[in-house]
Amino acid sequence: MPDPNGFLRYDRRLPARRPVPVRISDWREVYPPAGEELIREQATRCMDCGIPFCHDGCPLGNRIPDWNDLVRTGNWDAAVDSLHATNNFPEFTGRLCPAPCEAACVLGLGGQQPVTIKQVEVEIADAAVARDGLRPRPASVSTGRSVAVVGSGPAGLAAAQQLARAGHTVTVYERDDAIGGLLRYGIPDFKLEKQHIDKRLAQLTAEGVRFRTGVEVGVDVTAEQLRAEHDAVLLACGALQGRDTPQTPGRALRGVHQAMAHLVAANRVVAAAGEGKPALATLPDGTPIDAAGKHVVIIGGGDTAADCLGVAHRQGAAGVHQLDLYPQPPSERDAERDPWPTWPWVLRNYPAHEEGGDRVFAVAVQEFVDDGTGQVRAVRIAEVTVEKVDGRRIVTALPGSEREIPADLVLLAIGFEGTEKQPLLAQFGVTRNGRGAIDSGPDWQATDGVFVAGDMHRGASLIVWAIAEGRAAAAAIHTYLGGVGDLPAPVDPARQPLAAR
Ligand SMILES: Cc1cc2nc3c(=O)[nH]c(=O)nc-3n(C[C@H](O)[C@H](O)[C@H](O)COP(=O)(O)OP(=O)(O)OC[C@H]3O[C@@H](n4cnc5c(N)ncnc54)[C@H](O)[C@@H]3O)c2cc1C
Ligand code: SF4
């Protein structure tokens, strides 16, 4: 029986982040472990509601009240099992998820702060590693059926693990030189140290999953070959088509780049340093891309922009501006606009914002300004208003509001336009829809024997959705292959985040 008064006795508390001057001098994670005492106290705040809305906030159907109570009572082994029953990789979501479960926590309804669900999750996940080093759970019987998974992000890896544990032979094809999708070279180490991916990789390998890195499906191996070698194919190639702004004057200047170019280069340097190899941050063609000593302007207000901000500070930027088209959101939920338990539009302060930089809201870039040699020296911005008219976004610049911000490096973090246009699509006979995503039927099949999951299906989203879709697609593939019994399917392809009707 959970403690019904825990939330009255304890306030919400998170572990202190590492001090800013210390953490920006390295690439280690921002949060240290919380310690058992704090986590048991915070788990005690969960009242095990009759209708726990935290469940509805999370697409994985995590058994949040169950594992909160198991942590409260110090029953860590059972908490580990309960958490892993619904989530293949809680050490990823516990570190990285924006936690829609917390936005939906019933405590938020009565003016209380929600339970620190995500922090409890990461502590249980890390306890699993400390206890048995992520013990492999290989299938006892092989089905003799074979599945190709294309893409090794959280969607592909979750599906691969579910299918391998059900006895299928799984091969993951990844065009990059390392496994993990955006978690490997997109998301910086200060949010997720790569040891967490490597530990899962070891577990997956021990469970029989085969990995083929450096193989681009559609180029190095054709769809026809994959279909011939496997009984089913899962496409989990992400939504990596970066949005651009080709109409803005000066876009072609040197020093104006897609944010991902900067992040991938920086993360590769950190990875190389971990192997004791010196490396320079460069674009694939060898052009250096580094914020050291530079005035950096980041355009965009989401995860990608915040990651660029943290990277720029660690590289030693002279100064950073982060520009957002929209006005500054309120600090508290606006109950008229976003009633509980929906995801609220509020100002999100990532740890990277604590580390420095200036955020400028309600502005749009009018021009990237040339220094006379083809290199950007400034961005010219104007204050703007943004309206939605017939579903279209109308941006209006306020006359006389223009000004320049110095810039040696400009990073475009303005979102993604769906899955990349690449040869694989035509070879498998699938086409991008209006949002650049690949549609599926209710059984996750995009075309006969070819399934789709994660950002490639949903559009750029979150890790928790990628894992949920990977698990659900694996369940559909298992059924398609005539597997015995059902695998868990936490979402169907039409499921959307909680919304007010
Ligand atoms: C910078 C950044 C920061 C983010 N931060 C967060 C965060 O903090 N929290 C959060 O929840 N979400 C975050 N996200 C979103 C999250 O990373 C994605 O939603 C998630 O990774 C999607 O998983 P996925 O498996 O569908 O695809 P991805 O992770 O994109 O993986 C797709 C993989 O497919 C591979 N691939 C593509 N085509 C081929 C091919 N033809 N052959 C072989 N391999 C191929 C790619 O190389 C890639 O490795 C962030 C996204 C970005 C860009
Ligand atoms: S909604 Fe909040 S208080 Fe209720 S069960 Fe979930 S975490 Fe606990």
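**Entry 1: Asp 48.** I looked up the accessibility of Asp 48 and found a relative value of 34%, which makes it partly exposed. The model I am reading is a predicted one. The cut-offs explain the label, because partly exposed covers what lies between buried, under 20%, and exposed, over 50%. I then checked the backbone: phi of Asp 48 is positive, about 50°, although the residue is not a glycine. I noted this since most residues other than glycine have a negative phi. On the chain, I placed Asp 48 in the loop that runs between helix H3 (36-44) and H4.

**Entry 2: Asp 390.** I looked for the phi of Asp 390 and read a positive value near 50°, again in a residue other than glycine. I found Asp 390 in the loop between strand E10 (376-389) and strand E11 (392-397). Its relative accessible area is 77%, so I put Asp 390 down as exposed.

**Entry 3: Pro 341.** I checked the peptide bond from Trp 340 to Pro 341 and found it cis, with omega near 5°. I noted that most peptide bonds are trans. Pro 341 sits in the loop between strand E7 (319-323) and helix H16 (351-354).

**Entry 4: ligand 2.** Which residues come nearest to ligand 2? I listed Cys 46, Cys 49, Cys 54, Cys 105 and Val 106, out of 14 residues around the ligand. I sorted the shell by class and got 12 nonpolar, 1 polar and 1 charged residues. Helix H4 (53-57) and helix H5 (64-72) each supply at least two residues of this shell. I recorded H5 as giving the most, with 3 residues.

Notes. Residues are numbered from 1 along each chain as its sequence is written. Chains are lettered from A and ligands numbered from 1 in the order in which they are written. This is a predicted model: local features need pLDDT of at least 70, side-chain atom pairs count only at pLDDT 80 or more; totals for chains, interfaces and linings use all residues. Side-chain values use heavy atoms; hydrogens and water are left out. A residue is near a molecule or strand if one of its heavy atoms lies within 4 Å of it. Helices (H or I, at least four residues) and strands (E, at least two) are DSSP runs, numbered from the N terminus. Ala, Val, Leu, Ile, Met, Phe, Trp, Tyr, Cys and Pro count as nonpolar, Asp, Glu, Lys and Arg as charged, and the others, Gly among them, as polar. Buried means under 20% relative accessible area, exposed over 50%, partly exposed in between (1.4 Å probe, protein chains only).
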